[in-house]
Amino acid sequence: IKMLPHSIGYCDLASATRLDIKVADMMQESGVAVKAETSSVEYAMFERGVELDANNQADLTNARGDNAWPITTYSYGIIRTNSHGNRMRLGADCRITRHTALY
């Protein structure tokens, strides 16, 4: 997106912020423009609730509030920060966890 002038694409807000990519506002059904920012995602979470499915994801799309980003999803994961008690699987080490955290 950033390398092709005047292009339109999609990426998550964290990546757009990190890469300094310009983002567009979204129009709510009410006609109010909502800015892509952390608080608009939080408003969607507050409105829709966060019930996780079997894949640890929550669908927060179509939040109706004037401050809520209308196409929001949420994923949740747990990463161990230690391996006390030898709870890692046989042959595993911390490299996978480190690479996951860096991702």
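Biologist: What pattern does the protein chain follow, read along the sequence?
Modeller: The order along the protein chain is α-β-β-α-β-β-α. That makes three helices and four strands, taken as DSSP runs numbered from the N terminus, with at least four residues (H or I) for a helix and at least two (E) for a strand.

Biologist: What kind of model is this, and how are residues numbered?
Modeller: This is a predicted model, in which local features need pLDDT of at least 70 and side-chain atom pairs count only at pLDDT 80 or more, while totals for chains, interfaces and linings use all residues. Residues are numbered from 1 along each chain as its sequence is written, and side-chain values use heavy atoms, leaving out hydrogens and water.

Biologist: What pLDDT does the protein chain average?
Modeller: The average is 81, and 87% of the residues score at least 70; pLDDT is the predictor's confidence in each residue, from 0 to 100.

Biologist: Where is confidence lowest, and where highest?
Modeller: Strand S4 (residues 73-75) is lowest, with a mean of 68, and strand S2 (residues 33-34) is highest, at 94. Where pLDDT is low, the coordinates should not be read in detail.

Biologist: OK, burial. How much of the protein chain counts as buried?
Modeller: 14% of its 103 residues. Buried means under 20% relative accessible area, exposed over 50%, and partly exposed in between, using a 1.4 Å probe and protein chains only.

Biologist: Ser40, buried or exposed?
Modeller: Ser40 has 2% relative accessibility, so it counts as buried. Ser40 is part of helix H2. Beyond its neighbours within four places in sequence, Ser40 is in contact (heavy atoms within 4.5 Å) with Val34, Lys35, Asn67, Ala68 and Trp69.

Biologist: And over the protein chain, what share of contacts joins residues at least 24 apart?
Modeller: 35%, taken among contacts between residues at least 6 apart in sequence.

Biologist: What about phi of Asn62?
Modeller: Asn62 is not a glycine either, and its phi is positive at about 65°. Asn62 is in the loop between strand S3 (57-59) and S4. Its relative accessible area is 46%, so Asn62 is partly exposed.

Biologist: Which residues does Asn62 touch?
Modeller: Glu47 and Pro70, with residues up to four places away in sequence not counted. Gln28 is 34 residues from Asn62 in sequence, and their C-alpha atoms are 8.7 Å apart in space.
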